[in-house]
Amino acid sequence: MTRSSNTSEPWRVGVLFSRSGFMAVIEETQLRGTLTAIDEINDKGGINGRPVEPIVYDPGSDSRSYGLYAKKLMVEDGVSTIFGCYTSSSRKAVLPVVERLDGLLWYPTLYEGFEFSSNVIYTGATPNQNSVQLCRTLMELYGTRFYFVGSDYIYPRESNRIMRELIRHSGGSVVGESYVRLGAERSAFTPVMRDIKQVRPDVIFSTVVGEATTFLYQAYADMGLDPKVTPIASLTTSEAEVRAMGFDVGEGHLTAAPYFQGVGNDSNTTFVNRYKKRYGDDEPTNMCLEASYFQVNVFAKTLEKTNSMETNLMRDSVMGSEFDAPQGGVSINPVWGHADLWTRIGRANRQGQFDIVYESPSSVKADPYLLGYGRCLEYS
Amino acid sequence: MLNMARHDHAQGKRGPSQKPVGRPGQQNVQAQQKSFWDLNVAVIAQRDDDGERLMRELQRLRCNVRHIWPMPPQIPVQFDLVFCALTEDLPQRIPWIPGEPEAALVVIDCGEGELDLQLIHNCAAHGVMHYPATPRSTQTCVALARGHFLYEKRLRGRIDKLDENLRTMRSVERAKSLLIRMKDVTEEEAYNYLRRQAMERRVTIGAVANAIIDSHELLS
């Protein structure tokens with residue numbers, strides 16, 4: 001597990017993203033982000049002269065499998081660092097394993113916050129980095145009556161709870177709420193859309209994830225609703241999902257994320273070009289892919305210093321470290337082990353890209369327990 | 001634990017520890033052993049002389065002992081405590097996720113070959129038994145393994161509870177600020193109102209807070 005002697009033996013790391021099942025659309029891109037970063041590092045001669053060797057398993061969108069593969073990685077493959085997980089249920093399945101066996105999980109996905117573990121580095125957005133501003137922007141642009149639609153598992157329930165607080169504190173209301181099964185079929189959205197048409201909200205806030213995202217937006221389009229009047233707003237619908245549903249279907253809807261492909265800076269241009277060269281010109285990048293990519297780079301920078309994959313050394317060293325990510329400068333917040341990220345809100349255009357309608361002036365500190373937002377989420 | 005019994009005894013007038021453990025100490029030991037009674041214990045090991053001795057010691061402690069051999073592909077989960085021979089592939093035979101054990105686990109090291117600490121780490125075991133099983137080593141193994149297992153479980157329970165409390169505190173905060181605004185009362189009065197409602201209705205303060213938040217939503 002810990003080899004710090006003079007050797008050219010590879011640094012072995014675990015990678016857990018689903019390439020099959022209903023989460024494959026987005027997790028496949030996270031896998032690509034991870035492997036792209038690893039290849040780039042290896043092309044430059046590895047870390048302290050040793051290449052990084054990924055051991056990749058496909059948990060097939062099944063939460064329990066994530067726990068079992070995490071155990072396999074740590075016990076059989078002798079790995080201490082794992083990059084992986086999209087859904088909160090899969091993260092919660094891996095958590096006891098890395099905590100008990102003292103590994104380090106790098107988690108590149110936005111989530112509902114309210115978690116802290118010494119054995120996880122969180123590099124996706126928490127609610128104060130996306131929901132707060134999204135709520136503000138939606139109220140400014142569209143109105144105060146919200147309708148919630150989500151997949152039925154931890155993340156949607158929890159982020160809706162937080163969103164509800166934000167909306168109420170800002171004088172808005174939640175006029176309807178529907179949940180569909182995780183991995184729901186197309187037909188599940190017909191009654192939801194009928195309900196929405198009847199209730200006539202100003203905004204639909206969606207926490208639907210995976211393949212069902214396509215069905216939701218398509219059902220919306222089929223119902224003849226107008227995104228200029230009542231858009232769907234989401235924290236999870238990225239370029240990858242928009243491509244899956246069709247550019248015409250996605251046009252006009254909003255997403256809050258730290259990263260969009262359209263972010264204008266040199267680091268991102270290089271990143272996008274390299275990605276397209278490798279995977280094809282019509283392959284878009286997205287926030288989860290970007291987080292997967294930059295977290296491997298943060299890992300590499302850290303390992304260069306520690307020259308050991310021992311979890312406590314890695315963890316101590318990574319805290320406070322900075323990296324020039326495609327989204328802009330990011331850092332690992334030493335208080336929470338979460339990344340300080342940028343807040344952006346984008347509106348999808350006909351090309352399947354997001355036009356940025358809001359951008360934070362600098363990166364926003366992670367506040368997973370919303371301590372800085374205790375009472376006053378006042379609409380300003 | 002035996003030491004503590006002896007220490008109690010030494011508190012008496014007869015001076016320090018040379019004296020053999022008398023009746024009160026014996027009773028204490030017996031009381032301590034009572035926690036072993038009817039513990040469901042599996043022994044997954046060869047039934048050689050050492051295995052027999054371990055079984056016998058456990059039976060003497062009044063445990064319900066079941067012997068299982070050859071080693072099953074999956075360690076059964078219905079026991080309180082499992083003694084299991086340490087083999088290369090033991091981690092794969094443990095059906096639970098490390099960190100969420102369903103039984104206390106003691107691995108048996110037969111004392112041959114090189115000691116593999118990584119393997120023991122990977123089993124996330126609660127104790128190690130070294131043959132031969134003496135009354136003393138068996139008792140300490142059972143007591144420590146069981147103690148660690150239960151402690152771990154309590155800690156996990158505490159974390160769950162803390163998470164829940166955190167959510168409740170947020171609800172109470174919000175309900176309080178609603179009451180302050182709506183009823184034009186001080187923070188203290190708002191809090192006392194919540195507490196009184198909870199006591200009168202025999203529900204938690206969190207439940208009252210959530211009800212207020214929900215009804216405010218309905219009314220506004």
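Modeller: Let me start with a term: two residues are in contact if their C-beta atoms, placed from the backbone, lie within 7 Å. This is a predicted model, where local features need pLDDT of at least 70 and side-chain atom pairs count only at pLDDT 80 or more, while totals for chains, interfaces and linings use all residues. Residues are numbered from 1 along each chain as its sequence is written, and chains are lettered from A and ligands numbered from 1 in the order in which they are written.

Colleague: Thanks! How many residues of chain B are in contact with chain A?

Modeller: On the side of chain A, 14 residues take part.

Colleague: Nice. In what order do the five strands of the open sheet in chain B run?

Modeller: Two strands pair if DSSP finds at least two bridges between them. In this sheet the pairing is parallel. β2 (64–67) and β5 (127–130) of chain B each have a single partner strand, so one side of each is left without a neighbour in the sheet. The order is β2-β1-β3-β4-β5.

Colleague: What angle does α6(B) make with β5(B)?

Modeller: Axes are lines fitted to C-alpha atoms, for helices over the stretch in contact, and angles run from 0 to 180 degrees between N-to-C directions. α6(B) packs on the sheet and touches β3, β4 and β5 of chain B. Its direction makes with that of β5(B) an angle of about 170 degrees.

Colleague: Turning to chain A, what is its radius of gyration?

Modeller: That radius is taken over C-alpha atoms, and the globule rule is 2.2 Å times the number of residues to the power 0.38. For 380 residues, a compact globule would have a value near 21 Å. Chain A agrees with this, because its radius of gyration is 20 Å.

Colleague: Lastly, how many helices and strands does chain A have?

Modeller: Its C-alpha trace spans about 70 × 45 × 40 Å along the principal axes. The secondary structure of chain A comes to twelve helices and 15 strands.

Notes:
Helix = DSSP H or I, 4+ residues; strand = E, 2+ residues; numbered from the N terminus.
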